[in-house]
Amino acid sequence: MKPQLDEKLQSILQDVLYRNPGEAEFHQAVREVLETLGPVLAKYPEFADKKIIQRICEPERQIIFRVPWRDDKGEIHINRAFRVEFNSALGPFKGGMRFHPSVYLGIIKFLGFEQIFKNALTGLPIGGGKGGSDFNPKGRSDSEIESFCQSLMLELYRHIGEYTDVPAGDIGVGSREIGYLFGQYKRITNRYESGVITGKGLGWGGSRARKEATGYGVVLFAQEMLKFQRQSLDGMKVVVSGSGNVAIYAMEKAQELGAIVVACSDSSGYIYDENGIDIATVKRIKELERRRIATYLDSHSSARYIEGSSIWSVPCDVALPCATQNELTARDAKTLVENNCKIVAEGANMPTTPEGIQLFQSAGVYFAPGKAANAGGVATSALEMQQNASRDSWSSEYTQKRLQDIMVDIHASCYETAAEFGAGGNYVTGANIAGFIKVAGAMTAMGVI
């Protein structure tokens with residue numbers, strides 16, 4: 001049954017829709033949060049009086065600019081770039097940069113809005129923001145990507161800083177792109193300001209375990225969910241959508257905890273191996289060779305490749321959507337329910353449609369939203385900022401222990417908050433309310449700014 005908004009929240013939502021036309025993903029993200037906040041306003045009426053929700057829904061700053069650059073043939077291209085600095089009540093704006101042709105203002109705003117609550121849940125002093133460009137790095141040479149990144153930073157540098165706004169990577173932005181961006185920032189500013197960007201290489205200010213953190217974190221969160229049901233990942237069949245950074249390390253951690261990862265995908269199709277996916281092969285194909293997942297069969301003839309079909313038709317105990325927004329539909333959710341899936345934990349940002357979430361919750365499938373389950377990435381980015389600020393470098397073991405502690409704390413916060421507000425077991429409600437109360441408290445303390 002679809003949640004109903006009370007009159008005050010319905011009015012706020014209508015105002016958001018009116019003020020932000022054509023931004024479907026942003027509308028979806030706002031609606032999902034507002035649907036859970038009714039009990040909060042009843043308990044804390046001062047949040048309504050001070051219009052905290054209206055202020056959270058309006059970014060502090062939205063920056064849009066052009067990025068002209070030359071390709072290897074000398075042809076000029078013009079892309080559009082964005083940085084939405086959404087909320088700095090808890091700390092400097094923090095969130096990744098996404099390079100993908102689908103990027104437009106609505107996607108960046110949805111991601112930035114989600115980031116506010118995700119960052120709050122980590123318990124670390126970071127606000128919410130996001131950025132990106134409609135530039136497509138696929139098929140581009142290193143020199144073309146360098147040219148684009150340097151042109152983008154010629155404008156972006158004016159708006160970022162370790163105490164202001166700290167970008168990181170996202171889809172299409174890995175260590176290569178971070179290197180070009182940071183190098184140009186250093187060149188322009190004449191400062192070695194390590195804390196201005198995260199996701200850096202280990203030799204120049206990066207954090208150990210950052211690459212693995214989002215994928216590891218979503219599996220650690222799923223493990224906590226299972227613990228509360230007196231179960232574990234050991235022996236469970238896991239399906240992971242995607243084969244990028246998040247998916248690869250989610251598969252790695254799931255296998256480390258005894259699960260059998262039977263399927264993963266890319267935008268062309270998915271591979272299935274009932275004996276378990278070989279993670280080393282996927283890493284080689286995707287991280288080194290940058291090829292399609294179908295080539296997995298070249299060295300693993302026992303596996304099957306299925307093109308143009310949904311990976312969620314594969315029976316599993318645990319589903320980890322780790323690709324992109326709205327990839328898991330109501331139809332997919334119905335299939336997973338029919339196949340007795342026990343846990344769904346989002347490794348991507350908002351990969352499940354609202355109808356899919358409702359189906360999971362109605363069927364008693366435990367569902368963890370991305371703002372909680374995939375917070376490990378930004379948490380470890382904040383740990384990278386700590387190391388940069390203290391001119392320190394931590395071991396992988398220490399960083400992973402910090403990550404595990406943070407994910408356990410996020411799970412506990414979501415679980416306990418959901419129970420406190422009469423929605424026991426509902427991780428969506430727990431995550432939204434726990435994050436919102438923390439940000440709202442800080443905003444109230446700082447006055448109308």
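Let's begin with charge: this structure holds 27 salt bridges. Keep in mind as you look around that the model is predicted. One of the salt bridges joins D170 and R98, whose closest N and O atoms are 2.6 Å apart. Find both residues in the sequence as well as in the 3D view. D170 sits in the loop between strand 5 (165-168) and helix 8 (175-189), while R98 belongs to strand 3, so this pair ties together parts that are 72 residues apart in sequence.

Now let's turn to the rings. The structure holds 19 aromatic pairs. Among them is the pair of F99 and F135, which is edge-to-face, with 5.9 Å from centre to centre and 85° between the planes.

Let's step back and look at the domains. The domain assignment divides out domain 1, covering 59-187, and domain 2, covering 210-363. Taken over C-alpha atoms, the centres of domain 1 and domain 2 are separated by 27 Å.

How do domain 1 and domain 2 meet? On one side, 10 residues of domain 1 take part, and they are in contact with eight residues of domain 2. Together the two domains bury about 650 Å² between them, and 41% of that area is on carbon and sulfur atoms. How many salt bridges does the rule find across the interface of domain 1 and domain 2? The count there is zero. Polar contacts do turn up, with two residue pairs counted between domain 1 and domain 2. On the side of domain 1 that touches domain 2, helix 6 (residues 105-121) gives the most, with four residues. The residues of that side of domain 1 divide into six charged, four nonpolar and no polar.

Where is G199 placed? You will find G199 in the loop between helix 8 and helix 9 (210-227). Leaving aside residues up to four places away in sequence, G199 touches S175, I178, R210 and E384. For one more landmark, look for T324: G199 and T324 are 125 residues apart in sequence and, C-alpha to C-alpha, 20 Å apart in space.

Technical notes: Residues numbered from 1 in each chain as written. Predicted model: local features only at pLDDT ≥ 70, side-chain atom pairs only at ≥ 80, totals over all residues. Heavy atoms only, no water. Domains from an automatic or database assignment. Contact = heavy atoms within 4.5 Å. Buried area = accessible area lost by both parts, 1.4 Å probe. Salt bridge = Lys/Arg side-chain N within 4 Å of Asp/Glu carboxyl O. Polar contact = N/O pair within 3.5 Å; in protein donor to acceptor, adjacent residues only side chain to side chain. Helix = DSSP H or I, 4+ residues; strand = E, 2+ residues; numbered from the N terminus. Nonpolar A, V, L, I, M, F, W, Y, C, P; charged D, E, K, R; others polar. Phe/Tyr/Trp six-rings, centres within 6.5 Å; stacked < 30°, edge-to-face > 60°.
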